[in-house]
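This briefing goes through a structure residue by residue and element by element. Please keep the sequence and the coordinates at hand while reading.

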Amino acid sequence: MSDAKPANDWPPNIQAVFKRMAPASRYLGLEILEADREKRTVKVAFNAGPELCNMWGGIQGGMVAAMLDDVMSLAVGLDLEWGQISPTLELKVSMLNAARPGRIIGTGRVIKRGKAVGFIEGELTSEDGKLLATGSSTATFVTLKKKAPQEDTAQA
């Protein structure tokens, strides 16, 4: 991951990725490049290996969709606070060109954000700028509840 600025300068959701990346994001080869909280945009790279490919050598469509889901989730989560998450409610992906192993650039931007729902767009390009896939998604906002301390149920 590119961590040019101090960790606490990143928005909380990006800090969380640096602290403990989700296994799926690690599998996809996620690398954070830029995050602009005011503009609600992110730019990432996926270092896609052959394990993401189908039997014909292209990156399997579900993996492309997962990359888009990752980048759009990061964009919509930019103004969430610690303890909040933004689960995807709906995802649409258009495959425009075959994605191949290597570095894939992803960008995500929030189109509209309400109190409970956000609308996001994203795209993936090859490193040389060829548009590979576009996507749109709808996400909701959830505040996680803190776990209550476990009481000792054993009786004396």
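Arg-40 sits in the loop between strand 1 and strand 2 (41-48); helices (H or I, at least four residues) and strands (E, at least two) are DSSP runs, numbered from the N terminus. Arg-40 is not a glycine, yet its phi is positive, at about 55 degrees. Most residues other than glycine have a negative phi. Arg-40 counts as partly exposed because its relative accessibility is 27%; buried means under 20% relative accessible area, exposed over 50%, and partly exposed in between (1.4 Å probe, protein chains only).

This is a predicted model, in which local features need pLDDT of at least 70 and side-chain atom pairs count only at pLDDT 80 or more, while totals for chains, interfaces and linings use all residues. Residues are numbered from 1 along each chain as its sequence is written, and side-chain values use heavy atoms, with hydrogens and water left out.

**Overall fold**

- The chain has three helices and eight strands.
- Read from the N terminus, the order of the elements is α-α-β-β-α-β-β-β-β-β-β.
- The chain has 156 residues, and 38% of them count as buried.
- Of the contacts in the chain with a separation of 6 or more, 62% are between residues 24 or more positions apart; contact means heavy atoms within 4.5 Å.

- Six of the eight residues of helix 1 are buried, so the helix is mostly covered.
- These buried residues are Pro-12, Asn-13, Ile-14, Gln-15, Val-17 and Phe-18.
- They pack against strand 1 and helix 3.
- An α-helix has 3.6 residues a turn, so residues three or four places apart point the same way.
- One aromatic pair is present in the structure. Trp-10 and Phe-18 form this tilted pair, with 5.3 Å from centre to centre and 50 degrees between the planes.
- For such pairs, rings of Phe, Tyr and Trp (its six-membered ring) must have centres within 6.5 Å; planes under 30 degrees apart count as stacked, over 60 as edge-to-face and the rest as tilted.
- Both Trp-10 and Phe-18 are buried.

**Largest pocket**

- The largest pocket holds about 810 Å³ of space.
- A pocket is, on a 1 Å grid over the protein atoms alone, an open set of points where a 1.4 Å probe fits, with protein on both sides within 12 Å along at least five of seven lines; lining residues have an atom within 4 Å of a point.
- Grid points are joined across faces, edges and corners, and the volume is the space filled by probe spheres set on the points.
- The lining of the largest pocket has 27 residues, and those nearest the pocket centre are Asn-13, Ala-16, Val-17, Gln-84 and Ile-85.
- Helix 1 (12-19), helix 2 (23-28), helix 3 (61-76) and strand 3 (84-85) each contribute at least two lining residues.
- By class, the lining consists of 14 nonpolar, eight polar and five charged residues. Ala, Val, Leu, Ile, Met, Phe, Trp, Tyr, Cys and Pro count as nonpolar, Asp, Glu, Lys and Arg as charged, and the others, Gly among them, as polar.

**Leu-80 and the Arg-113 site**

- Leu-80 belongs to the loop between helix 3 and strand 3, and counts as buried because its relative accessibility is 4%.
- Beyond the residues up to four places away in sequence, Leu-80 touches Pro-12, Arg-37, Ile-85, Ser-86, Arg-113 and Phe-141.
- Leu-80 and Thr-143 are 63 residues apart along the chain, with 9.3 Å between their C-alpha atoms.
- Arg-113 lies over the face of Phe-141, 3.8 Å from the ring centre; a charge sits over a ring if NZ of Lys or CZ of Arg is within 6 Å of the ring centre and within 35 degrees of the ring normal.

**Strand residues**

- Ile-32, in strand 1 (residues 30-36), counts as buried because its relative accessibility is 1%.
- The C-alpha atoms of Ile-32 and Leu-74 are 9.6 Å apart, at 42 residues apart along the chain.
- Val-117, in strand 6 (residues 117-126), counts as partly exposed because its relative accessibility is 27%.
- Val-117 and Thr-140 lie 4.4 Å apart, C-alpha to C-alpha, and 23 residues apart in sequence.
- Apart from neighbours within four places in sequence, Val-117 is in contact with Lys-112, Thr-138, Ala-139, Thr-140 and Phe-141.
- Thr-138, in strand 7 (residues 131-140), counts as buried because its relative accessibility is 14%.
- Not counting residues up to four places away in sequence, Thr-138 touches residues including Pro-87, Glu-90, Val-117 and Ile-120.
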